[in-house]
Amino acid sequence: MKTARFLISKSALSELLIGVLINLSSGWLGILLISPGFFQISTFSDYFGILIVNLPFAIVSFAIAYWLKINWG
């Protein structure tokens, strides 16, 4: 039985995933800064709803990127 050969190395794959996750994290944080003005949100409760929806995704994607950097990078 032959073993599989990969065309991309483990370090290159981890750097790719880290870059994608960091960009996703910055995108979600950018939504927190841009969306109140774009959607004309004036109340704190509306902003808090956007914060609750987007902030966990930003934190999780940044945490996964950090974990990949520590363990695979």
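Which residues make the nonpolar surface patch of about 720 Å²? In this predicted model, local features are described where pLDDT is at least 70 and side-chain atom pairs where it is 80 or more, whereas totals for chains, interfaces and linings use all residues. Residues are numbered from 1 along each chain as its sequence is written, and side-chain values use heavy atoms, with hydrogens and water left out.

The patch is made by Ile8, Leu13, Leu16, Leu17, Val20, Leu24, Trp67 and Trp72, where patch residues have over 30% relative accessible area and no salt bridge, nonpolar side chains being joined within 5 Å and like charges within 9 Å; a salt bridge is a side-chain nitrogen of Lys or Arg within 4 Å of a carboxyl oxygen of Asp or Glu, and areas follow the Shrake-Rupley method with a 1.4 Å probe, only the protein chains shown counting as cover. Helix 1 (residues 10-38) gives the largest share of the patch, five residues, helices being DSSP runs of H or I with at least four residues, numbered from the N terminus. Tryptophan 72, in the segment after helix 2 (44-71), is partly exposed because its relative accessible area is 33%, between the limits for buried (under 20%) and exposed (over 50%).

Buried residues of helix 1, including Ile18, Leu21 and Leu32, pack against helix 2, contact meaning heavy atoms within 4.5 Å. Serine 25, also in helix 1, counts as buried because its relative accessibility is 5%, and this serine touches Ala58, Ser61 and Phe62, when residues up to four places away in sequence are not counted. Just after helix 1, glutamine 40 takes a positive phi of about 55°.

Note on methods: Helix = DSSP H or I, 4+ residues; strand = E, 2+ residues; numbered from the N terminus. Buried < 20%, exposed > 50% of the residue type's maximum accessible area, 1.4 Å probe, protein only.
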